[in-house]
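Please look through the sequence and the structure shown here, and then follow the explanation below from one place to the next.

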Amino acid sequence: MIRFGVIGLGYWGPNLVRCFNELENGRVTLVCDRDISRLNAITTRFPGIKPTESVEDVWSSDAIDAVVIATPTSTHYELAKRAIECGLHVFVEKPLAQTVEQCEDLIALATANGTQLFVGHVFLHSAPVIKLKELVDSGELGDVCYVSSSRLNLGPIRKDVDVLWDLAPHDISIMLHLLGQAPQRVSCSGLAHLNRRLCDVCNLTLHFADNRVGLIHVSWLDPLKRRVMTIVGSKQMAVYDDLGQEKIKIYDKGVETPKEPTNFGEFQFSYRYGGSYSPWLKEFEPLKAECSAFADCIETGATPTTDGRNGAEVVAVLQAEKNTLY
């Protein structure tokens with residue numbers, strides 16, 4: 001039985017406590033937060049979990065095998081580093097750290113100490129993204145031309161990071177996973193409307209090899225919640241709507257380019273308008289699947305899909321945008 005300690009009981013922490021506590025091969029034995037009301041809420045819901053307001057109690061505890069970090073991004077590096085130094089397996093919510101250098105340090109430290117370093121890119125453990133990866137890898141969509149995504153909502157506004165670092169890691173991680181490569185170049189534009197220090201609307205462009213591009217639009221200022229990604233292939237196109245009843249829809253649509261025309265009359269693009277269908281997806285909770293994957297990797301020693309390297313690749317994109325923003 002793997003014993004987990006959870007640091008941070010804000011927006012996402014309680015969900016992690018629930019999922020880790022429901023695992024067949026694990027349970028939460030310790031929670032840490034500076035807010036006593038949050039601690040009381042968790043211990044009321046889950047009696048038997050020890051609460052503490054001091055992170056030092058986590059490092060000195062002999063009742064945990066792994067630490068789950070769900071705190072502000074600026075604290076991820078120091079907390080993860082300390083946990084690894086204590087010989088603990090580490091789960092860090094996205095993004096892994098603030099710089100690639102910090103990520104590389106954590107990767108090297110985890111390797112040297114023989115501990116797992118797992119990053120909370122939860123959508124890579126979801127049924128729709130798993131299906132999209134199958135579609136891309138099988139060639140059913142053909143050659144991927146571009147991927148575009150919109151992740152929009154009215155808030156919640158964060159004070160520690162901008163909208164790009166808050167929302168875009170989800171779509172960046174999905175795009176890198178689907179295309180199987182890092183971008184060659186990144187460009188970004190943003191609007192800081194509510195707080196001049198932090199953008200609340202951003203457009204991010206990822207330029208990949210083979211004339212492929214990823215387009216990401218994120219916002220805290222939209223009236224309607226939207227979570228949509230479109231993958232345009234040379235054979236078919238797929239739309240992933242995370243809020244829709246049919247999460248994925250495949251469209252047999254495209255544009256055919258004429259081959260070696262001999263005159264202008266022959267040089268005409270033809271449009272293909274075929275049917276559409278929604279593939280069957282096995283329903284399960286992505287967060288619980290993610291927590292289970294972390295526990296399984298601890299038990300087996302397997303390399304996680306969302307390991308430290310995966311986390312560093314996402315942070316590399318986010319860090320690159322700092323040089324291109326505005």
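In this predicted model, we can begin with valine 58, which has its place in helix 3, the helix made of residues 55-60. Is valine 58 buried or exposed? Its relative accessibility is 2%, and because buried means under 20% relative accessible area, valine 58 counts as buried. If residues up to four places away in sequence are not counted, valine 58 touches Ile7, Leu30, Cys32, Thr52, Ile64 and Val67. One of these, cysteine 32, is 26 residues apart from valine 58 along the chain, and yet the C-alpha atoms of the two are separated by 7.5 Å.

The next step concerns a pair of helices. Two packed helices are described by the angle between their axes and the distance between the axes. Helix 4, which covers residues 73-85, packs with helix 5, which covers residues 100-113, at an angle of about 10°, and their axes are 9 Å apart. Because angles under 35 degrees count as roughly parallel, helix 4 is roughly parallel to helix 5. On the side of helix 4 the contact is made by Tyr77, Ala80, Lys81, Ile84 and Glu85, while helix 5 contributes Gln102, Asp105, Leu106, Leu109, Ala110 and Asn113. Sorted by kind, the residues of this contact are six nonpolar, two polar and three charged.

Finally, turn to glutamine 236, which lies in the loop between strand 11 (221-233) and strand 12 (237-241). With a relative accessible area of 15%, glutamine 236 is buried. Leaving aside residues up to four places away in sequence, glutamine 236 touches Glu140, Leu141, Ile231, Ile250, Tyr251, Asp252, Lys253 and Arg272.

Methods
Residues numbered from 1 in each chain as written. Predicted model: local features only at pLDDT ≥ 70, side-chain atom pairs only at ≥ 80, totals over all residues. Heavy atoms only, no water. Axes fitted to C-alpha atoms, helices over the stretch in contact; angles between N-to-C directions. Helix = DSSP H or I, 4+ residues; strand = E, 2+ residues; numbered from the N terminus. Parallel < 35°, antiparallel > 145°, perpendicular 65-115°, else oblique. Contact = heavy atoms within 4.5 Å. Nonpolar A, V, L, I, M, F, W, Y, C, P; charged D, E, K, R; others polar. Buried < 20%, exposed > 50% of the residue type's maximum accessible area, 1.4 Å probe, protein only.
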